[in-house]
Amino acid sequence: MTATGTRDGRPFQATHLFLTSLRTTPEALLRLVRDRWSIECWHWIRDTQLHEDAHRYRGNGAGALASLRTAALNLLRLAGFQSIRAGMQAVMHDITALLAMAMRQPKPKPC
């Protein structure tokens, strides 16, 4: 699989090879890989931007804080931020902007 995109404003290309014993079609294998990496991407954002793995909360506190982190990430995405880092920097010292994001009504999806 070849991944292309931009990092730090520069184009990049990376080739990823996968080895499996599954007997499946290339299309089905690609779907499995994409499903797996979509989950890993979410965890990567939570760890690099929110430093979730560094926290040592136990019991109910861990679940409660994970829920708050998820809500924060979803609010930033709904507010239109493509970059979680940019979104956090935009609202971390502006309680008015943060509350405006939380109070924002979602746009209805067209049928």
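**A buried salt-bridge network and an open hairpin**

Arg-46 has its place in helix α1, which spans residues 26-50, helices being DSSP runs of H or I with at least four residues and strands runs of E with at least two, numbered from the N terminus. The model is a predicted one, in which local features need pLDDT of at least 70 and side-chain atom pairs count only at pLDDT 80 or more, while totals for chains, interfaces and linings use all residues. Residues are numbered from 1 along each chain as its sequence is written, and side-chain values use heavy atoms, with hydrogens and water left out.

With a relative accessible area of 6%, Arg-46 is buried, a term that stands for under 20% relative accessible area, whereas exposed stands for over 50% and partly exposed for values in between (1.4 Å probe, protein chains only). Not counting residues up to four places away in sequence, Arg-46 touches His-51, Glu-52, Ala-66, Arg-69, Thr-70 and Leu-73, where contact means heavy atoms within 4.5 Å. The side chain of Arg-46 also makes a polar contact of 2.7 Å with the side chain of Thr-70 (a pair of N or O atoms within 3.5 Å; within protein, one must be able to donate a hydrogen and the other to accept it, and residues adjacent in sequence count only if both atoms are side-chain atoms).

The structure holds 2 salt bridges, each defined as a side-chain nitrogen of Lys or Arg within 4 Å of a carboxyl oxygen of Asp or Glu. In one of them, Arg-46 pairs with Glu-52, the closest N and O atoms being 2.8 Å apart. Glu-52 forms a salt bridge with Arg-69 as well, with the closest N and O atoms 3.0 Å apart. This latter pair links distant parts of the chain, since Glu-52 lies in the loop between α1 and α2 (60-78) and Arg-69 in helix α2, 17 residues apart. Both Glu-52 and Arg-69 are buried, and Arg-46, Glu-52 and Arg-69 are linked in a network of salt bridges.

Strand β1 pairs with strand β2 (residues 10-15) in the antiparallel sense over 6 bridges, pairing being assigned if DSSP finds at least two bridges between two strands. Within this arrangement, Gln-13 in β2 is the bridge partner of Thr-4. The hairpin of β1 and β2 has 2 residues between the strands, and there Asp-8 takes a positive phi near 55 degrees.

Phe-18 lies in the loop between β2 and α1 and, at 40% relative accessibility, counts as partly exposed.
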